Amino acid sequence: VGGSREDAQTDWLATAQRAVGLASAAGASEAEALVTADHAQLTRFANSEIHQNVAETSAHLNLRFVIGKRVGVASTGRLDDEGLRQVVDRAATIARNVEELADWGGLPEPDGREIRTLPGAFAAATAESSPEQRAEAVRAVIAAADEAGVVAYGSFATTTEHIAVANSREVGALQARTWSQLITVSMGPDGGTGYAESAAVDATTIDAERLGREAAEKARATANARSVDPGDYPVVLEEYAVVDLMDMLGYLGFSALAVQEERSFVEIGKRIGSDLVTIVDDGEDPAGLPMAFDYEGVAKRRIALVEQGVCAGVVYDAQTAARDGVRSTGHGLPAPNPYGPFPLNMLMDGGSTPREELVGGLDRGLLVTRFHYTNPVHQKMAIVTGMTRDGTFLVEDGQIVAPVRNLRFTQSYLDALAGVASVSRERRTLKGFLGGVVVPALRIEAFTFTGATEH
Amino acid sequence: MRDLTDRGLDTAASRGATYADVRIVRRLDESIAVKSSRVEGVASGESEGFGVRVLVDGAWGFASSYRLEPAEVDRVAAEAVRIARASATALRRPVVLDDRPPAHGSYESRVQEDPFGVPLETKIGDLLAADQAMKRVTGIAFTESTYAAQREWKTFAASDGSFTEQTITHVGSAVEANAVEGDEHQRRSYPDNGGGWQAAGYEYIRGLDLIGHAEEYAEEAVALLSAPQCPPGRRTVVLDPSQLYMQVHESCGHPTELDRVYGTEASYAGTSFLTTDKLDEGFRYGSDLVTIVADATVPGGMGSFGWDDEGVAAQAVPLVRNGIFSGYLTSRETAPRIGRRSGGAMRADGWNRIPLIRMTNINLLPVDGMSLDDIVADTDDGLYLAQCRSWSIDDRRLNFQFATEVAYEISGGKKGRLLKNPTYTGITYELWRSCDAIGDASSYRMLGTPNCGKGEPGQIGHVGHAVSGARFRDVQVGVLG
């Protein structure tokens, strides 16, 4: 169930250290090895049956070989001695052929902070989960759909991940993490669709039956949707839609590299959201999917990104930190990384409004379950376009009055943050673009819808 | 390799699989990233492993591992069978595969100059020179230039006796100039912001002449900062191949994937408006000029191969013929449900992923009569839109919105001033029905995207699109607030 026995007994940090030793012996002035070893399983269902069901045992080593200020990166899936020798050769060849990076700040050094094992990051129940257990959860989702007379689609994933980082400056870090995610879309006979999702470190805490019911009930409620005209509407965004705001803002602005390249909207001290908006990145918060250190072996720091609507910080990796003369915040991705650092553990503060009362604050507006296929139209203004999906409703006088056909929006996500009028007390843990995200639902004063579709 | 594939097939059969296939894949890749005239990253990667796919009691199971060892092959094949038995506990429609002759042979994509044999310093030098040419242009804030190559060796064996070996090489490169002023950020890229990829060798990279285009594109990025906003309205638009290929990708390629139609991507990418009743009724997808073919046989396309990843030979399948919807991208499992044989569109992203229905090369065939220049000359009032900058489309592939890097005003048959931040939006079949001109073979070229996402767990596909440029009438053009 848990992958190969050999992998279960492997000391991945020792593998990383062996690669660093080989690189140093081959003439590297600095070297770093990152090992990721996963056992990932995913059961996928559609038309209320399991149609894809997969498992993967993988291991990968990424080596940075540095000569002075010249850096070569090579990776391999062969972790035996011959594989390590070859990857060292390839990285060394690259390092000898590239120009110096004038502002190369060196590989990270241990910064004195202990890299703590985060007990909340790993659940044995997830690591030991079986295809039979996933099938049981899927059958619970399908049963809820059957009961409601709708059809179930979705997936249930469980992953165990080992990350080891060693470098020649005595960084040595090893963590085991687990995560799981169940998502489901329900489709009803009259065109209705609904969605539900949950992510957790411990797969056994995911309530498949509840998620199945949530999606099924929404699919029933969105049957025979009517058209509404595009235009500006106040909205309530469910957590599934709010995740997209976090992901996009993380990608477009919360990275030190985006600021250094002048393509970010972030200016420290600048107001971008209402007072109700506070966003942090915190790898240790057990509400999310915790991570002790980044892919450079640097312990994660808690970074306030937006405090009561005001830009408070960005995340750094070693290279962007060196440029600004600060320390890495522990947000590096595997090298080479043209995208720069990324906040992998974003959390938005909850507010004071009970979730079910958010809709009551809309005189005439829309309730949006989730977004689909969003893409930036203008990076610096964080203008994004996308569609609504799987549950869009017209609200009048604080009551849901009808399901509506899906709409296209073209909206600055910064203006959306500025228009946040209410934040739900409750939050959900979901899987974002790259990491775990913890978000409330939001009521926003205005959101611009620019088109409509036929369903 | 054959001993390992035989072992996997034997183990799967002995555990109860009625069908099994084993793929062993080795992938080599190399990438170079230059930012603002400094080499930001050079990487070389190698990945190797195998995947075993089985049918047990009409249900699928798949397991994979990076350990190419006999004992691990046994473990993984057994795991695949166990997973399939778990699948069978939630099964309503047992899988039936179409018949196909066992596949045998080898295939190699055409490469004149091996990209992995060209010295690294040459490749870095070529890219750096192009990047520096952009950076020299006054007003450029930052530049990005990329090069990448990938080679895959694939061995496929199936329980029906099929055994094939393929070697496929893809390369891509692009330069991108960025100009920033206040909140305004404009960019121009050549030949494509996705990287201008083909199935080819380094000769293709040399043929792109990145350095010869660098200055022109950088100057245009700077000029866009002071260009007027593209005004909204219903307009005639001419789509350059650098934009048209993405329109084909999103609004024809994805909705003709038959697995989407049957709902198996519903929880992730979505479904399709091209339901099977539309195939039966001869749905009018576009104007008479529009003929779109999924062709896995054309040299240079990233969707070309000898056999797909379930051993079906490469072929050309019409998707739209003279405007009428006429076919799907299919697999051995889905094709029998519409009474057809597999069109050979099952492709997997490496050893650790199952094959899914993917685009091959989705080509909008050129139309004799007018060159792309003739089409512009034939347009009194319109916009010429080039280079995809942003894309979005709904979950049934109907309502789309694209932004392009640049619009050129067309007035009296001539391309004129630049307009910035153009977007256009519409409904898929309405746009294609409004197509009243398609360029001839003189501008027909193979483009492609190396980052087509699909499936859970996620898979990245390399797909090709050959297009020549086309004109559409009465299209809604928008503008940024």
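This is a predicted model: local features need pLDDT of at least 70, side-chain atom pairs count only at pLDDT 80 or more; totals for chains, interfaces and linings use all residues.
Residues are numbered from 1 along each chain as its sequence is written, chains are lettered from A and ligands numbered from 1 in the order in which they are written, and side-chain values use heavy atoms, with hydrogens and water left out.

Let me begin with the place where the two chains meet. Chain B brings 81 residues to the contact and chain A brings 89 residues, where contact means heavy atoms within 4.5 Å. About 6,900 Å² is buried between chain B and chain A, and carbon and sulfur atoms give 49% of that area; buried area here is the accessible area, taken with a 1.4 Å probe, that two parts lose on being put together, summed over both.

How many salt bridges are there between chain B and chain A? There are ten salt bridges between them, a salt bridge being a side-chain nitrogen of Lys or Arg within 4 Å of a carboxyl oxygen of Asp or Glu. In one salt bridge, A:Arg44 is joined to B:Glu265, with the closest N and O atoms 2.8 Å apart. In another, the side chains of B:Arg353 and A:Glu56 meet, also at 2.8 Å from N to O. That pair crosses between chains, from the loop between β13 (346–347) and β14 (356–357) of chain B, where B:Arg353 sits, to strand β2 (residues 49–67) of chain A, which holds A:Glu56. Helices (H or I, at least four residues) and strands (E, at least two) are DSSP runs, numbered from the N terminus.

Between chain B and chain A there are also 50 residue pairs in polar contact, both residues at pLDDT 80 or more; a polar contact is a pair of N or O atoms within 3.5 Å, where within protein one must be able to donate a hydrogen and the other to accept it, and residues adjacent in sequence count only if both atoms are side-chain atoms. Several elements of chain B give two or more residues to the side that touches chain A, among them β2 (38–56), α2 (70–87) and β17 (399–411). The most comes from β2(B), with eleven residues.

That strand also reaches chain A by pairing: strand β3 (residues 70–76) of chain A is joined to β2(B) by four bridges, and the two run parallel, two strands being called paired if DSSP finds at least two bridges between them. Here A:Thr76 stands opposite B:Glu46.

Now let us look inside chain B. An open sheet of four strands has the order β12-β11-β10-β15, with antiparallel pairing, and its edge strands are β12 (324–325) and β15 (362–364), each pairing on one side only. Strand β10 (residues 292–295) and β15(B) are joined over three bridges in the antiparallel sense, with B:Ile292 opposite B:Leu364.

Elsewhere in chain B, β17(B) and β18 (residues 414–419) pair in the antiparallel sense over four bridges, and B:Ile410 stands opposite B:Lys415. Their hairpin has two residues between the strands, and B:Gly412 there takes a positive phi near 60°.

Finally, some backbone details. Most residues other than glycine have a negative phi, and most peptide bonds are trans. A:Gln308, however, is not a glycine and has a positive phi of about 45°; its place is the loop between β9 (303–307) and β10 (310–311) of chain A. A cis peptide bond joins B:Tyr190 and B:Pro191, with omega about -10°, and the bond from B:Glu456 to B:Pro457 is cis too, with omega near -5°.
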